[in-house]
Amino acid sequence: MKVVVTGGAGFIGSNFLRLSVPRFADHHFLNVDKLSYAANPANLHGIDEAPNYGFARVDIADSAAVGELFAKERPDLVVHFAAESHVDRSIVAPDHFVQANIVGTFVLLEAFRAHCADRNGALFHHVSTDEVYGSLGTTGLFTETTRYDPSSPYSASKAASDHLVRAYGRTYGLPIKITNCSNNYGPYQFPEKLIPLMILNALERKPLPVYGEGRNVRDWLYVEDHCEAIWSVIERGRLGETYNIGGRCELRNMDVVQQICTVVAAETRASVTELEGLITFVKDRPGHDLRYAINADKTTAECGWQPQHSFESGLQATVRWYLDNHDWVASVQSGEYRNWMETNYHKRGAADS
Ligand code: NAD
Ligand code: DAU
């Protein structure tokens, strides 16, 4: 089987490939990634020499390049991760999100329709987010029938891409599936996202910038659990259907940051009080969704998936990974990263983050 994985040099895509390439020796995986700031070839160490792995540096919004690649490869399975993924960046530069997430998904769907969809057993699996549903109040859970109500340019662009994928399924009969997942964390996550940012800032004794009052709630899932969920839906989910994926792990941001301080302190023999003293409340994110929480009963019932990692074990493994991977950390804390830290946090009143 030929598998195209888009965005496989980013956080979740690379975790998916590191799990899948050794497991499915009879599949050939082609990683299609434009290598944006969020990508890192070092994320692929260990599988980049495997005989069933290949890489193509391609922008998914480039219809000529994608058309040529699909005509040549004719993949049986496309697992589509590639996207601009950071909400705060979408507020600063929404045009990049429209281009990568909406135009990019459209270009892939057209190439899949032209070259793959008529093949027996072909599948286009679209990886999406719970943010398309907007914000919950203090109660309730997102189900697969929750109305779309995106708040940020990022979530609006992912919502548009979901609609396109579903429309291609209904209109052209394309074999598609969609998964909408909650917040991931784990090894190889670019440190613009909450958990790795707080881990690295705590290690470097920099301020821990909490937006607003830190009361926003996210439903956390260890990245390996997300990757396993995607395979369970690919293998057992029904064509044309949407499946929610979540960790059953709702936490307020302040509680996440405090747990990070506790684990970093334990792993480095530092003082928890000293680390908690770094917590700094900064200007809130505009349009900040209050709460996300997933009901994943459909995925469990139909695909037999359940998360295997607790937040405690996943967080400890994640902190250890960042402690053990100095070279990786140094390689991502480049000039571009420093510029983003300055752009995002200076205006929030936390210039030293
Ligand atoms: P990431 O930002 O770490 O990686 C994105 C990857 O996509 C990078 O390798 C980047 O180079 C590539 N990419 C971006 N634009 C591209 C383009 N135009 N052409 C080719 N490649 C391009 O993102 P992530 O956190 O790994 O997220 C992967 C997918 O999962 C995204 O679709 C995201 O919406 C979705 N998702 C993420 C989370 C999360 O918590 N991170 C949760 C649910 C869903
Ligand atoms: O829910 C799934 C989504 O989770 C994915 O679709 C996105 O790609 C992914 O980035 C993530 O979005 P969030 O906006 O929830 O993640 P982020 O790590 O940016 O922020 C998590 C929470 O922490 C959010 O309430 C904002 C807050 N936050 C974030 C940062 C970066 C802070 O308080 N301080 C910070 O410095």
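Colleague: How far is an oxygen atom of ligand 2 from an N or O atom in the side chain of His 288?

Modeller: This is a predicted model, in which local features need pLDDT of at least 70, side-chain atom pairs count only at pLDDT 80 or more, and totals for chains, interfaces and linings use all residues, while side-chain values use heavy atoms, with hydrogens and water left out. Residues are numbered from 1 along each chain as its sequence is written, and chains are lettered from A and ligands numbered from 1 in the order in which they are written. For His 288 and ligand 2, the separation is 2.7 Å.

Colleague: How many residues surround ligand 2?

Modeller: A residue is included if one of its heavy atoms lies within 4 Å of the ligand, and the closest are Asp 130, Tyr 154, Arg 285, His 288 and Tyr 345. A polar side-chain atom of Tyr 345 lies 2.6 Å from an oxygen atom of ligand 2, and for a polar side-chain atom of Asn 253 the distance to a ligand oxygen is 2.9 Å. The number of residues surrounding ligand 2 is 24.

Colleague: Which residue has a side-chain N or O atom 2.5 Å from an oxygen atom of ligand 1?

Modeller: Ligand 1 is surrounded by 28 residues, the closest being Ile 12, Asp 33, Ser 85, Tyr 154 and Lys 158. A polar backbone atom of Phe 11 lies 3.1 Å from a ligand oxygen, whereas a nitrogen atom of the ligand is 2.9 Å from a side-chain N or O atom of Asp 59. The side chain at 2.5 Å from an oxygen atom of ligand 1 belongs to Asp 33.

Colleague: What distance separates the centres of domain 1 and domain 2?

Modeller: Domain 1 covers 2–186 + 220–245 and domain 2 covers 194–216 + 250–286 + 311–346, with bounds that come from an automatic or database domain assignment. Taken over C-alpha atoms, the separation of the two centres is 27 Å.

Colleague: How many residues does domain 2 bring to the contact?

Modeller: Contact here means heavy atoms within 4.5 Å. On that basis domain 1 brings 15 residues, and the number from domain 2 is 20.

Colleague: What share of the area buried between the domains comes from carbon and sulfur atoms?

Modeller: Buried area is the accessible area (1.4 Å probe) that two parts lose on being put together, summed over both. Between domain 1 and domain 2 about 1,400 Å² is buried, and carbon and sulfur atoms give 59%.

Colleague: How many salt bridges does the rule find across the interface of domain 1 and domain 2?

Modeller: Side chains of opposite charge can pair when their charged atoms come close. The rule for a salt bridge asks for a side-chain nitrogen of Lys or Arg within 4 Å of a carboxyl oxygen of Asp or Glu, as between Glu 336 and Arg 89, where N and O are 2.9 Å apart. Across the interface, the number of salt bridges is two.

Colleague: With which residue does the side chain of Glu 267 make a polar contact of 2.5 Å?

Modeller: Glu 267 lies in helix α8 (residues 253–268) and, not counting residues up to four places away in sequence, touches Gln 316, Val 319, Arg 320 and Leu 323. A polar contact is a pair of N or O atoms within 3.5 Å; within protein, one must be able to donate a hydrogen and the other to accept it, and residues adjacent in sequence count only if both atoms are side-chain atoms. Such a contact, of 2.9 Å, joins the side chains of Glu 267 and Gln 316. The polar contact of 2.5 Å is made with the side chain of Arg 320.

Conventions
Helices (H or I, at least four residues) and strands (E, at least two) are DSSP runs, numbered from the N terminus.
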